[in-house]
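Please look over the sequence and the model shown below before reading on.

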Amino acid sequence: MKERLRRILWIAAAVILLLNGALFAAGRLSAAGELTLDTEVHFIDVGQGDAALLLSGGQAVLVDAGTVESAPSLVRYLEGIGVTELYAAIASHPHADHIGGMAQVLETFPVEHFYMGPETQNTSCYADMLEALEIQGIQPVVPSDGDVLSFGSGATVTFLGPADDVSADNLNNRSLIALFSTGAQRVLFMGDAESAAEQSLLAHHPDLSCDILKVGHHGAATSSSEEFLRTIHPSVAVISCGIDNDYGHPSDQTLQNLSLAGVDDVRITAEDSTVVLPLNPPSQSKENAA
């Protein structure tokens with residue numbers, strides 16, 4: 001009788017453990033969100049670095065990946081909002097504060113398309129990124145001016161530079177420049193492009209304008225000239241930089257230029273943390289998307 005009672009109690013305890021384990025697993029699964037079908041852009045707080053996520057119709061495109069140190073938190077953020085794969089990833093240029101976390105991103109998420117510039121750098125994070133691309137079997141593409149990546153929703157990413165007239169002596173000026181467009185709204189990503197790259201961009205695209213500007217080079221005084229800002233005329237500017245960073249970003253000059261150009265809505269990740277901006281849905285339906 002005692003042996004039978006002991007067996008019943010053991011079975012009951014095992015069932016409780018299994019149920020608790022199932023509930024724990026369900027809790028873990030439900031902790032991560034489901035990737036939104038809406039169109040929006042997330043300027044992710046990665047400290048003194050750059051990382052932004054473009055979302056539209058359930059597809060996700062990552063623009064830069066912060067530093068090596070911020071990689072774990074970047075991956076957790078992506079997983080937390082429901083990212084399980086990336087439609088594309090873009091490495092604007094090979095500086096460590098833009099590609100430092102890219103290797104871990106590539107190791108964590110399947111990536112369908114990968115874009116990068118032709119410039120290289122002899123650093124461990126650049127080598128790690130190339131190794132991760134090779135291991136994952138991803139063939140990187142160096143886009144040309146005017147190349148377009150189309151989302152299934154009809155949203156697009158158009159590469160606008162750098163043009164050949166921008167010297168390779170300064171890697172910042174060789175940043176890939178990308179325009180995310182829903183048809184109704186446009187978000188311009190400048191990487192670390194400085195004034196020479198801005199002038200080249202306007203020379204090749206004189207009618208360029210945007211609604212939201214990812215300010216070049218973390219708000220450094222060498223970028224975001226008043227002429228450039230007045231021409232592209234954004235209504236919102238986002239500056240990605242770290243709290244009390246060693247570079248003094250954003251500079252007072254850049255903030256003044258933004259104000260003089262009529263940009264009253266300035267978001268700074270060092271102050272606001274991650275900035276999420278919803279966008280109007282694409283003007284094209286999925287069936288009509290290119």
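How many bridges join strand E4 to E5, and do these strands run parallel or antiparallel? Strand E4 (residues 86–91) is joined to E5 by five bridges, and the two run parallel. The model is predicted, so local features need pLDDT of at least 70 and side-chain atom pairs count only at pLDDT 80 or more, while totals for chains, interfaces and linings use all residues. Residues are numbered from 1 along each chain as its sequence is written, and side-chain values use heavy atoms, with hydrogens and water left out.

**The sheet**

Strands E4 and E5 belong to an open sheet of six strands with mixed pairing, in the order E5-E4-E3-E2-E1-E13. Strand E5 (111–116) and strand E13 (275–278) stand at the edges with a single partner strand each, so one side of each has no neighbour in the sheet. Strands (E, at least two residues) and helices (H or I, at least four) are DSSP runs numbered from the N terminus, and two strands pair if DSSP finds at least two bridges between them.

**An aromatic pair**

Tyr115 and Phe159 form a tilted aromatic pair, 4.8 Å centre to centre with 40 degrees between the planes; rings of Phe, Tyr and Trp (its six-membered ring) pair if their centres lie within 6.5 Å, and planes under 30 degrees apart count as stacked, over 60 as edge-to-face and the rest as tilted. Tyr115 lies in strand E5 and Phe159 in strand E7 (residues 156–161), 44 residues apart. Both are listed here with their burial, where buried means under 20% relative accessible area, exposed over 50% and partly exposed in between (1.4 Å probe, protein chains only).

| Residue | Relative accessible area |
|---|---|
| Tyr115 | 10%, buried |
| Phe159 | 1%, buried |

**The cores**

A nonpolar core is a set of buried Ala, Val, Leu, Ile, Met, Phe, Trp, Tyr and Cys residues joined through side-chain atoms within 4.5 Å. The largest has 32 residues, and Leu86 and Met129 are among those that touch the most other members. H5 gives the most to this core, with five residues.
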